[in-house]
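Colleague: I am new to this model and would like to find my way around it. Could we go through it together, one question at a time?

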Amino acid sequence: MMSEHSPLLRVDNLKVAFGERRKRFNAVNGVSFDIHRGETFGLVGESGSGKTSIGRAIIRVYPTAGGQVLYKGQRISGRIDKALDRQVTREIQMIFQDPMASLNERAKVGYIVAEGLYATQKGLTSAQREEKVREALLDVGLLHEFASRFPHEFSGGQRQRIGIARALIMQPEFIIADEPISALDVSIRAQVLNLLSQLQKKRGLTYLFISHDLSVMRFICDRIAVIHKGVLVELAETEELFRCPLHPYTQLLLSAIPMPNPAHERNKTVLTYDEGMHDYSVDKPLWCEISPGHFVLGNQRELDNYKKCRLDLGIPQVTG
Amino acid sequence: MPDETILSVRDLNVKFNLRGRTLHAIRGVSLDVYKGESLAIVGESGSGKTVLTKTFMGLLDNNGWIDSGSILFDGEDLAKFREEKDWLKIRGRKIAMVLQDPMTSLNPLKSIGRQIGEALALHQGLKGEAAKRRIQEILLDVGIQDPAQRMKQYPHQFSGGMRQRVVIAIAIACNPQVLICDEPTTALDVTIQAQILDLIRGLVRKYHLTCIYITHDLGVVANVADRIAVMYAGDIVEIGSSEEIFYSPRHPYTWALLSSLPQLGIKGEELSSIRGTPPSLFTHIQGDAFAPRNPHALNIDFLQLPPYFDVTPSHKVRSWLLDPRAPEVKPPAVLSRIRREGDSLYDE
């Protein structure tokens with residue numbers, strides 16, 4: 001069927017657009033990347049950069065305006081047949097940002113977690129469903145008694161665990177986590193991050209982790225793609241990206257991370273980024289692999305500069 | 001450090017009545033805020049940090065009341081205020097507040113010029129051209145360019161970060177002495193957060209404001225705070241200068257908060273997290289409120305509330321671990337990654 005090395009998910013020149021002809025707005029404008037089996041792939045950008053639109057286009061909530069999404073080598077964007085649709089619905093799951101808003105207030109936890117089963121595995125008896133709910137709740141560190149309670153009885157961290165249990169019960173292979181911890185307290189964030197990485201180890205899950213906060217991504221992601229206004233500007237392995245950020249926008253994001261260190265914070269300057277700094281009128285930008293696995297967007301002159309920066313690796317952070 | 005006290009809280013107890021039960025939200029807090037400083041109050045949700053600052057402005061919900069204690073500000077005891085007209089002298093005029101979510105704290109039906117003008121008209125009696133000039137000045141101060149045009153616009157025409165700038169503009173419009181910022185950047189992107197923090201720091205310096213900054217994220221306050229107070233279950237468990245809290249924290253709860261920061265995490269390892277949940281404030285708490293979650297808890301922690309131990313004149317810690325009779329407990333190793341030398345964590 002498929003070889004070990006082919007990616008689990010391939011996003012190929014993806015475009016997502018909103019609005020009608022004249023007011024058309026391209027939220028995602030030709031984005032391509034591969035996500036390999038078992039890795040955590042990070043997508044980082046500011047609000048409005050299109051990172052959530054990519055996630056939603058993959059899970060088929062938003063229609064694509066161009067390009068395609070391949071899952072296990074099969075196209076899942078656009079029109080697909082019913083069997084594949086069912087497979088994708090089961091195997092790709094999503095975890096949402098705000099656990100206060102994403103759980104049905106009127107349903108008991110047991111139903112919320114089991115809801116996907118009602119839709120995709122109609123043959124189950126209620127005893128079987130209960131058993132699956134119990135397992136899913138245990139997996140995320142909740143007691144099975146919680147199934148008979150309502151969401152308002154839980155704290156933010158527990159609610160996010162319910163959201164994760166709801167995704168897990170479908171036995172997914174690929175999970176899209178859209179800002180799963182930004183609505184949580186710092187002390188709870190650690191618990192949820194730990195839970196996500198434990199589950200990954202135990203079940204061999206693949207994550208697409210969407211966030212605006214690079215400090216969290218460094219902890220959990222294997223590779224990170226930086227998106228700005230619907231276009232990827234840099235993609236690299238996490239350590240490489242932090243050691244040697246090349247694109248000025250990546251440098252801006254890195255400089256904005258708050259550090260728990262007063263001496264460092266008082267002396268730091270947050271960089272600014274203005275697209276006008278690129279002169280792309282003649283020399284068009286290219287998406288270029290500057291070293292193995294490290295991609296960056298730039299025109300020929302910029303790419304030459306980036307290559308030079310990489311050579312002077314003694315200075316990891318390029319300022320200015 | 002400036003020594004003139006501007007706000008002095010003594011043994012403050014705040015209670016709420018919830019469905020017939022009494023919730024003890026603030027449990028005997030004493031706190032001095034010095035003139036011109038930036039004080040950060042840090043704690044988990046439910047630790048009482050917002051309730052504490054709401055008492056400074058008379059904004060407690062109807063079911064809450066100050067049970068005992070005093071809040072001295074400007075020669076008056078705010079805890080004794082009963083009537084709304086007493087508060088009008090303070091609220092917005094001397095103490096102003098910036099709230100968490102700029103999407104909900106502005107009126108969508110009024111232009112932002114009018115919303116800033118309201119504050120000016122109410123507190124300073126400014127009208128017409130004079131008010132207009134002042135509004136434009138303030139907008140420039142908070143980094144909004146082209147104020148003559150922008151003041152005619154409505155909140156929906158501003159981005160999240162810009163809206164928060166407008167909220168800050170309203171807060172500083174009447175030259176308050178104290179500015180309370182309640183999680184002003186939680187709803188914002190990291191990049192915008194950095195800009196807003198910079199802005200607040202600049203305004204505090206320019207207007208000689210005293211700033212009380214509330215957050216749940218210790219990572220953020222290193223930028224803005226001169227002093228940090230760590231709150232847990234309605235009480236301050238550790239207070240000290242920013243350097244003291246980050247470089248030599250002494251309370252196990254502060255250790256736990258710091259070491260759960262993802263910035264300090266190492267990929268592939270567990271991020272340290274705090275087990276358990278905060279205690280219920282409906283019931284009487286015996287001893288140290290953090291004891292049940294504290295891996296280093298001593299027997300006495302469950303019996304008797306520890307007093308404040310002075311580490312330095314500015315650094316106070318409420319934990320029995322500082323008693324001379326207590327066994328020596330080392331802070332978690334991960335905290336040694338926060339080093340006094342100002343280099344980035346990512347340079348290793």
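Colleague: In what order do the four strands of the open sheet in chain B lie?

Modeller: Keep in mind that this is a predicted model. The edge strands of this sheet are β2 (21-34) and β5 (76-77) of chain B, since each pairs on one side only. The pairing in the sheet is antiparallel, and the order in chain B is β2-β1-β4-β5.

Colleague: Which residue in β4(B) stands opposite B:L7?

Modeller: Start with the two strands, β1 (residues 5-18) and β4 (residues 64-73) of chain B, which pair in the antiparallel sense over eight bridges. Across this pair, the residue in β4(B) that stands opposite B:L7 is B:F73.

Colleague: Staying in chain B, which residues of α3(B) are buried?

Modeller: Helix α3 of chain B covers residues 112-124, and its 13 residues reach 18 Å from the first C-alpha to the last, close to the 18 Å expected. The cover over its buried residues includes α4 (128-141) and α6 (160-172) of chain B. After the helix comes B:G125, with a positive phi near 65 degrees. The buried residues of α3(B) are B:I112, B:G113, B:Q115, B:I116, B:G117, B:A119 and B:L120.

Colleague: Thanks, that helps! Now for chain A: why can it be called as compact as a globular protein of its length?

Modeller: Chain A holds 11 helices and 12 strands. For its 320 residues the globule rule gives 20 Å, so chain A is as compact as a globular protein of that length, with a radius of gyration close to that value, at 21 Å.

Colleague: What percentage of the residues of chain A count as buried?

Modeller: The C-alpha trace of chain A spans about 65 × 50 × 45 Å along its principal axes. Among contacts in chain A with a separation of 6 or more, 64% join residues 24 or more positions apart. A residue counts as buried if 20 or more other C-beta atoms lie within 10 Å of its own. Of the 320 residues of chain A, the share that counts as buried is 45%.

Colleague: Which element gives the largest share of the side of domain 1 of chain A that touches domain 2 of chain A?

Modeller: The domain assignment of chain A gives domain 1 (9-243) and domain 2 (244-320), and their centres are 29 Å apart. Each domain puts 15 residues into the contact. On the domain 1 side, α7, β9 (223-228), β10 (231-237) and α8 of chain A each supply at least two residues. The largest share, seven residues, comes from β10(A).

Colleague: Which residue in the hairpin of β11(A) and β12(A) takes a positive phi?

Modeller: Strands β11 (residues 286-291) and β12 (residues 294-298) of chain A pair in the antiparallel sense over five bridges. Within this pair, A:W287 stands opposite A:L297 in β12(A). The hairpin has two residues between the strands, and the residue with a positive phi, near 85 degrees, is A:G293.

Colleague: Last one: which element gives the largest share of the side of chain A that touches chain B?

Modeller: The contact takes 34 residues from chain A and 42 residues from chain B. On the chain A side, the elements that give two or more residues are α6 (186-203), α7 (214-220), α8 (238-243), α9 (248-256) and α10 (262-267). The residues of that side divide into 17 nonpolar, 11 polar and six charged. Its largest share, seven residues, comes from α6(A).

Note on methods: Residues numbered from 1 in each chain as written. Chains lettered and ligands numbered in written order. Predicted model: local features only at pLDDT ≥ 70, side-chain atom pairs only at ≥ 80, totals over all residues. Contact = placed C-beta atoms within 7 Å. Nonpolar A, V, L, I, M, F, W, Y, C, P; charged D, E, K, R; others polar. Expected span 1.5 Å × (residues − 1). Buried ≥ 20, exposed ≤ 12 C-beta atoms within 10 Å, placed from the backbone. Domains from an automatic or database assignment. Pairing = 2+ DSSP bridges. Rg over C-alpha atoms; globule rule 2.2 N^0.38 Å.
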